[in-house]
Structures are given as structure tokens and as C-alpha cells.
Amino acid sequence: MHLSTRWGRWWEEDRWMGQLLILPMQLLIWFVLIIPMLIVIYLSLVSWQPIMGVDWWQAPFAGLRNYAQALQDQRFLSALGRTIGLVLAAVGLEFLLGLALALFFHYQEFPAKRIFSSIILYPMMLPWVVVGLCFYLLFLDKGPVNYVLIQLFGPGASVQWYQNPLLALMTIVLADIWQWTPFMFLVIYSGLGALPPEPVEAAMTLGASRWQIFRHIVLPMLKPVILIALIIRSLEAFKIFDLVYIMTGGGPGTSTESLSLYLYRTGFVYGQLSYAAAMALLVLILVALVARLMVRPLEMELESR
Amino acid sequence: MTAKNNKGYSNLTRREFLKAAGLAAAGSLLSTCAPAPTPAPVAPTPAPGTPVPRVEGATPEERALNGIKALKAAGKIKDGDTFVILHHSGQRNNIVPALEEWNRLTGLNFVSAEEGLEANIYTKVMNEAVTRTGSYDIFLTFVNWIADMAEAGLIVDQTEWWEKYDPEVDHGPNAYVSPIDRFTSLYKGRRYAMGADNDTFSMFYRKDLMENPDEQKRFEDKFGRKLEVPKTWEEFDQWVAFFDRPDQGIRGVHMYAERYFAYTGWAARFISRGGAYFDDNMDPLITSEEGVTALEEMVRLIQNHAWPDAVTGDWSVAYTRFPEGSVFCAWAWPSLGKWAQDPKTSKIVGKVGAMEIPGTMHDGELIRAVPHVVGWSFSISRYSKSPEACYCFIQWFCGPKTGLDAIARVGTLDIFRQPWFNEPKMKEAYGAEFLPVLLANSKNAFPDISLRGANEYLDKLNLHLQQAFAGQKKPEQALKDAADEWQKITDRLGRLSQIEAWRQERKNYPEPIQRLWRKKGLFKD
């Protein structure tokens with residue numbers, strides 16, 4: 001009786017129509033997202049390479065061996081650590097620069113402000129590959145950066161940017177900052193524009209200093225916007241591939257190799273798709289956890305409202 | 001007339017990477033819908049040399065065309081049938097005009113599918129091995145991918161057709177330069193491919209400096225012998241050091257020490273010293289005295305007499321450094337000579353000499369070992385609608401007459417049949433002075449590692465060698481690390497199978513090197 005009432009309500013309230021309308025999308029999601037994901041999970045649990053001469057569904061079961069191997073793989077762990085360091089350095093600096101620029105553009109009036117605010121966004125519109133190539137050329141031994149250094153400080157000032165692991169990594173971070181600071185600027189600048197003016201005006205009336213207004217009013221109100229920008233940018237930066245591939249190829253040796261580049265090499269150059277699948281899933285779990293931790297303050301704030 | 005501007009591993013865009021990954025994922029998905037058993041990698045065909053009926057025709061091209069006629073008569077193919085050839089965009093000029101001619105002669109519809117990045121070709125090929133869509137009928141790929149393609153069950157064994165149609169690859173007046181005839185086609189002793197290229201490395205130097213009387217006198221005063229092109233690596237190192245003039249903006253040498261081809265210079269010394277990559281049991285031999293000494297010499301050379309971009313750049317650095325006149329000598333593919341002689345790309349036109357790659361003296365005999373790096377070979381998809389028709393095309397394309405016309409056109413395929421070295425067309429394309437040098441180097445050419453997993457073996461080797469060149473590791477440690485990685489690869493892929501493949505592969509090395517191995521007692525057979 002109870003069931004028939006529920007069915008009756010479902011039918012009478014035309015809920016079936018809504019569910020019917022979303023069915024194609026649900027099926028699509030199953031086929032493009034869930035089934036491939038299940039295949040990746042399966043692949044990570046077997047030992048398979050296309051060149052082994054057996055089909056992937058016939059591959060010998062490996063259990064968690066691929067995962068265990070990844071956790072002991074020094075190259076994987078180094079690439080993971082290096083990528084995390086790269087994300088922290090690049091996204092951190094992008095945030096600080098983006099925030100400074102946004103504050104400047106928001107609070108200062110100067111001629112052609114709109115034109116400049118548009119120009120700032122251009123790097124973000126360029127493909128990664130173009131940015132990578134430009135920065136690669138900039139830091140070549142006979143490139144413009146060394147030319148300027150030699151002009152300023154003499155022939156001994158030339159730097160072998162790509163031969164020193166730390167300097168090579170720095171050139172990649174610089175390229176990333178150049179391209180993606182505009183994103184931080186755009187998001188924070190929009191956030192500043194959307195803030196209600198009343199709290200700031202009230203604080204000014206009460207005699208608060210600029211720093212106090214920024215620290216205790218503007219920044220807390222901007223927090224959700226900043227968090228979103230940091231999450232989006234960090235997730236994107238974590239997948240960095242093109243800049244590393246083009247500028248250093250991960251070298252010298254593996255000293256600038258990012259996680260994505262190592263996964264690419266493992267899967268597509270070495271053909272170890274099972275192992276690459278296991279590493280990719282480990283990374284996915286890690287990134288999901290970090291993203292969860294980053295989103296949590298936002299959720300808490302929303303809940304408190 | 002070849003432009004090797006697309007050789008080596010090019011940069012991969014994120015878009016292309018994502019596309020490849022998407023294709024692989026989609027392919028995996030598709031294959032769940034229509035699973036089919038993987039064919040055995042090695043098809044049972046008669047052993048090489050078994051007499052079989054031959055197709056009529058005086059030349060390989062005629063026999064290929066007669067083969068098409070017979071296939072049509074048997075109803076296996078018909079006019080207008082479409083066949084797709086996957087190849088690199090750098091070969092467009094070699095292949096597309098030939099396709100038009102072939103289609104006109106046969107009434108078939110062979111079409112070209114170009115790929116701009118070499119690494120993407122491997123990805124597409126392996127994707128096809130998994131998905132089996134039959135999208136491609138013929139593959140033109142790196143020579144050392146053949147093993148992977150054969151073991152993945154993607155390509156067919158051509159041995160039977162070689163006997164039936166006789167492409168005149170390894171015998172007769174039209175034969176390929178040996179040993180290129182062997183290592184561009186054989187895997188585990190069977191013909192899985194047909195070579196369409198010659199990527200033997202060549203060394204180019206500044207002839208004007210060598211012919212300068214002042215330089216000659218200074219050299220003679222310093223070393224007590226005449227200034228001549230060096231024959232041994234020891235002489236080479238002195239020669240390079242002599243002409244290394246960083247204060248004048250010219251360094252002694254450019255040899256690859258970067259991420260993808262760092263092995264080339266080391267391997268040339270290592271093999272000429274009598275080294276081999278593996279022993280009978282597939283245990284690596286690169287940590288031997290020959291290997292370590294060769295790497296120590298190379299590290300000294302690169303760190304003391306080369307620009308830093310020998311380590312940090314890519315394959316194209318040779319194509320800028322040498323033609324701009326900032327290095328005394330450089331080695332690369334044959335096309336470097338063309339670039340250096342072209343006024344559009346070079347500042348040293350008319351000042352370029354070419355030389356045989358140096359070697360090592362063994363009891364009075366000079367053993368040279370010249371790396372054959374990359375190289376392109378035709379193979380045929382098992383999922384083609386008519387693999388035999390595809391075979392006929394590749395025999396026709398690589399034939400003595402058709403191939404001559406195709407290879408003489410600007411593109412990334414280079415001269416490989418011996419009689420072509422005397423052809424006026426080729427002399428015009430390559431320069432009459434360079435051809436004898438290239439021929440001599442080709443006769444001493446040894447293959448890249450061409451075992452199953454070759455990509456991984458070479459990449460791991462390069463990784464550690466580059467670290468040695470960059471000063472991050474001692475040569476001995478770098479080779480030990482590479483050897484450890486090789487052991488893991490061999491164990492993962494199956495040692496027994498790799499042992500058999502290596503036993504066959506080392507037969508493809510030049511005879512003087514095999515003789516040296518026998519003398520050293522390196523292998524049991």
C-alpha cells in the first residue's frame with residue numbers, strides 16, 4: 001500500500017519526466033566516466049603491457065603489487081615531491097602577485113586602467129606549449145636572459161639554466177607564474193568588485209587603518225573566492241606537463257620530471273599501462289584528499305551562516 | 001636532398017597528449033564491447049630460404065604489380081579499395097607522389113595518414129594493437145618498434161611474401177647496404193618489416209680549418225703527426241681538443257649528450273671497443289671496462305669541449321650549432337651535411353667535410369661501429385583488409401626504381417640501396433663527396449636496441465647517461481643504475497623470450513664487430 005502510494009505520487013507528480021530527461025546524460029556519464037574508470041581500476045590490479053602479447057582482460061592478476069611498487073618507486077616519489085613543491089612555489093607566488101595586482105587595480109585610479117587590466121589577462125589565453133617554447137628560448141645558453149646578464153655583469157655572468165636542476169626547475173616555475181598570475185588577478189579582482197562597500201565604509205568612519213581594513217574586513221570577506229582560486233589553480237598546476245616536457249624534458253636526468261610527465265613516460269613510452277594506472281589512482285586519491293581539506297574551511301563557513 | 005628536420009623526439013603538446021590518452025581510453029572501452037583473442041605474435045610460415053613459387057616479373061616493382069593483378073583476379077581486392085598508411089609528416093614528399101603513381105597503376109586507393117610527432121606514432125600504433133579497429137593498413141615506424149608491434153600481435157610476418165615476391169633486399173645487384181638489410185626488417189629471425197630509410201650517423205667537420213696551413217703546422221708541432229681526419233677515437237679526442245676555441249666562439253664538438261640520444265656517442269665507442277649491450281643470458285654488459293671507459297671519455301669530451309646545450313638541448317641543436325659555425329665538428333643524421341651546405345640555413349657553405357666515424361684499434365685492425373639511430377621501416381597491420389596487397393605496395397615503394405625516385409625527393413627517408421650510391425640523382429641530392437663516406441659508414445652501422453621494450457631500454461639508458469654528462473653521477477654509477485633498470489625490464493617482459501630475440505639481434509651487427517665478439521669469447525654461439 002505504502003509502495004503503491006509512493007509509485008502513484010511519483011507518477012502523478014510527473015517526476016518520471018524529469019528522470020527520463022536526465023537518463024541520456026546519466027548513460028553518457030556511465031560510458032565516458034564510470035566504465036573507463038572501472039577499467040583503469042582493473043588495469044591497476046593486473047600486470048599488463050600491450051607488448052606482452054595477451055589481451056588486457058587476460059592479463060595475470062597482480063593484486064596490489066603495482067601499488068606497492070609505486071610506493072617504493074624512488075622516481076615516482078621524487079616526481080610527487082617535486083610536483084608538490086612546484087605547486088606550492090608557483091601557486092603561492094601567483095596568489096601573492098595576483099592579490100597585489102588586484103588590490104592595486106581595485107583601489108588605484110590611473111589612465112587606461114581598463115586597457116591594462118585586459119592586457120594582464122593575455123598570458124592566460126596563450127596555449128601552454130607556446131609559453132613553454134618562449135621561456136625555453138629565453139633561458140637558452142645563448143638566449144636573451146643570458147645576453148642581458150652578460151651585458152650587465154660581463155661574460156662570467158652567463159648561467160647554465162637547464163644544466164642545474166634547481167635553476168631548471170626555477171625556469172619552469174617562472175613560466176607558470178607568468179602564465180597563471182592573471183588567473184589569480186582575475187578571480188580576486190572580480191571578488192573585490194563584488195564585496196559590499198558598507199563594512200569598509202563603516203570601518204573607515206570608525207578610524208580603521210588601511211591595513212586593519214584589509215586584514216580584518218576585506219580578506220575575510222574574500223576568503224571563499226581566494227580558496228576557490230587556490231583550489232582550481234593548485235589542481236591544474238598539479239597536472240603540469242607541457243612546460244616541463246618542452247623546457248627541460250624532465251632533465252637533466254629526472255631532476256625536473258613532474259608526476260604527469262613520469263606517468264606519460266610510464267604509460268606511453270614504456271607501455272606499462274597497468275603500473276601507470278596504479279600510480280594515477282594513487283595520485284587521484286591524494287589529490288582528492290588535499291582538495292577535500294582545502295574545501296573544508298569553505299564548507300564550514302557556509303555551514304556557520 | 002633530405003631534410004631531417006623532424007628527426008628525434010619532438011615536443012608533445014598537451015592537446016595531443018590528451019588526445020592520445022582519450023583515444024587509448026576510448027579504445028579500451030571499445031575493446032570491451034568486442035573482445036577478440038590476440039593473435040599469436042609469430043605466425044607459422046615457412047623458414048627463410050624455403051623454395052616457394054615466385055611471381056612473374058623482372059623487377060621487384062613488376063612483381064608487386066603482378067601480385068596486385070593476381071589478388072584482383074582472385075577476388076581478394078577490387079578497384080577503389082582503400083588502404084591507409086600511417087607515417088610521419090616529414091615523409092610526405094617521399095610518399096604522397098608515389099601513392100598517386102601506385103593508385104594510377106593499380107586502380108586501388110592508397111591514402112596517407114600523417115602524424116606530426118614521432119612519439120605519437122608509437123602511441124597510435126599501440127592503441128591500434130589494443131583496439132584493432134583496422135584504421136591503418138600499413139605503418140611506417142621506427143625500426144626498433146617492430147619488436148613491440150610484432151609481440152603485441154599487430155603486424156604480420158612478411159617472410160613468406162619476401163620469398164614469393166623477392167624484394168631484392170639482401171641479395172643481387174640491387175641489394176640494400178648490408179647490414180641495414182638485416183636490422184631494418186628482422187625480428188627473431190623473421191621478416192616483420194621492410195626498411196625504407198638509412199639513418200646511419202655521419203660526422204661533419206670544418207674543412208676550411210683542416211686545410212689551413214697555419215693550423216696544419218701548429219697541429220704537427222703539437223702532436224708530431226700530420227693534421228688528418230682521425231681514424232681512432234683517441235685521435236679524435238685530440239683533434240677536437242685542438243680545435244676547441246671557446247674564446248673565438250667555436251667549441252670542438254657537438255655530440256648528443258641530452259635526454260633522447262645521449263647513448264649514441266657512448267655506444268659508438270663502446271661497441272667499437274668490443275662491447276655488447278647484453279650477454280647470452282640478457283645480463284647487461286654495459287658496466288664492463290669497455291662501457292665505463294667509453295663513458296668516461298665521452299663525459300670528458302662533452303664537459304671540456306662542447307657547448308652546454310649538448311646536454312640540455314635536443315636533437316636539433318646540431319642543426320643550429322654546426323651550420324652557424326659555432327662548433328668545429330658535429331655528428332647527426334646524413335641530412336646535417338645538407339643543412340650545412342644550404343645557404344638558407346648555413347654560414348659555412350663550402351667549408352664542410354664529411355668523415356668516417358672513428359673506431360678502435362684491435363691487434364692492428366681498426367674496428368668502426370656507427371650507430372644507426374631511429375630509421376623507418378614499413379610493417380603491415382594484421383587487421384588490414386588485404387595484408388598481401390599492402391605488402392605489394394611496400395615492395396613496389398622500396399623497389400630499385402620507385403624507391404630511387406622517392407628517396408631522392410626532399411623528405412626524412414634516406415638512401416638505402418647500394419647501387420643508388422652511384423646514381424647521378426643521389427649524387428645531386430647528397431653531394432658527390434658525401435656519398436662514399438655515407439656508404440662506408442653504413443657498412444659499419446649497428447642497430448639501436450631493437451628488442452621488445454626497446455623504447456624503455458633506451459630511455460632508461462639515456463636517463464642515466466645524461467646524468468653522467470650533467471655531472472650528477474659518476475660514469476660507473478650511471479651505467480650500473482642503467483644496468484639495474486635493464487634487468488628489471490628484462491625480467492618483467494620475460495627473460496627467455498628476450499634471450500632468443502637478443503641472440504637473433506646480434507646477428508644483425510656488422511661482421512667485424514661480430515668477429516671481435518667471437519675473439520673476446522663474449523657469446524657461446
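From the N terminus on, the elements of chain A run α-α-α-α-α-α-α-α-α-α-α-α-α, with 13 helices and zero strands in the chain. Helices are DSSP runs of H or I with at least four residues, strands are DSSP runs of E with at least two, and both are numbered from the N terminus. The model is predicted, so that local features need pLDDT of at least 70 and side-chain atom pairs count only at pLDDT 80 or more, whereas totals for chains, interfaces and linings use all residues. Residues are numbered from 1 along each chain as its sequence is written, and chains are lettered from A and ligands numbered from 1 in the order in which they are written.

The C-alpha trace of chain A spans about 75 × 60 × 30 Å along its principal axes. Of the 305 residues in chain A, 33% are buried. A residue is termed buried if 20 or more other C-beta atoms lie within 10 Å of its own, exposed if 12 or fewer do, and partly exposed in between, with C-beta atoms placed from the backbone. Among contacts in chain A between residues at least 6 apart in sequence, 70% join residues at least 24 apart, a contact being defined by C-beta atoms, placed from the backbone, that lie within 7 Å.

Several local features of chain A were examined. Gly18(A) belongs to helix 2 (residues 15–44) and counts as exposed because it has 10 C-beta neighbours inside 10 Å. From Gly18(A) to Phe139(A) the C-alpha to C-alpha distance is 57 Å, at a sequence separation of 121 residues. Ala112(A) is located in the loop between helix 4 (74–107) and helix 5 (113–125) of chain A. Although not a glycine, Ala112(A) has a positive phi of about 55°, and with 9 other C-beta atoms within 10 Å it is exposed. In helix 7 (residues 144–153) of chain A, the count of buried residues among its 10 residues is zero; this helix is followed by Gly154(A), which has a positive phi near 95°. The peptide bond between Gly251(A) and Pro252(A) is cis, with omega about 5°, and Pro252(A) lies in the loop between helix 11 (242–247) and helix 12 (259–269) of chain A.

Chain B contains 23 helices and 15 strands. Buried residues account for 57% of its 525 residues, and 77% of the contacts with a separation of 6 or more are between residues 24 or more positions apart. The domain assignment, from an automatic or database source, gives domain 1 (57–199 + 374–447) and domain 2 (202–372 + 453–520) of chain B. The C-alpha centres of these domains lie 29 Å apart, and 27 residues of domain 1 are in contact with 24 residues of domain 2. On the side of domain 1 that touches domain 2, the elements giving two or more residues are helix 5 (146–151), helix 7 (180–183), helix 19 (434–443) and strand 15 (445–447) of chain B. Helix 19 of chain B provides the largest share, six residues.

The largest nonpolar core comprises 223 residues, of which Ile138(B), Phe204(B), Ile302(B), Ala330(B), Leu336(B) and Phe393(B) touch the most other members. Both domains of chain B give residues to this core, so it lies between them. Such a core is a set of buried Ala, Val, Leu, Ile, Met, Phe, Trp, Tyr and Cys residues joined through C-beta atoms within 7 Å. Beyond its neighbours within four places in sequence, Ile138(B) is in contact with Phe83(B), Ile85(B), Phe378(B), Ile380(B), Cys390(B), Phe393(B) and Ile394(B).

Five strands of chain B form an open sheet of order 2-1-3-14-6 with mixed pairing, where pairing requires at least two DSSP bridges between two strands. The edge strands are strand 2 (109–115) and strand 6 (194–195) of chain B. Strand 1 (residues 82–88) and strand 2 of chain B run parallel and are joined by seven bridges, with Val84(B) opposite Val111(B). Strand 11 (residues 359–362) and strand 12 (residues 365–368) of chain B instead pair in the antiparallel sense over four bridges. These two strands form a hairpin with two residues between them, and Asp363(B) in the turn has a positive phi of about 50°.

How values were computed:
Contact = placed C-beta atoms within 7 Å.
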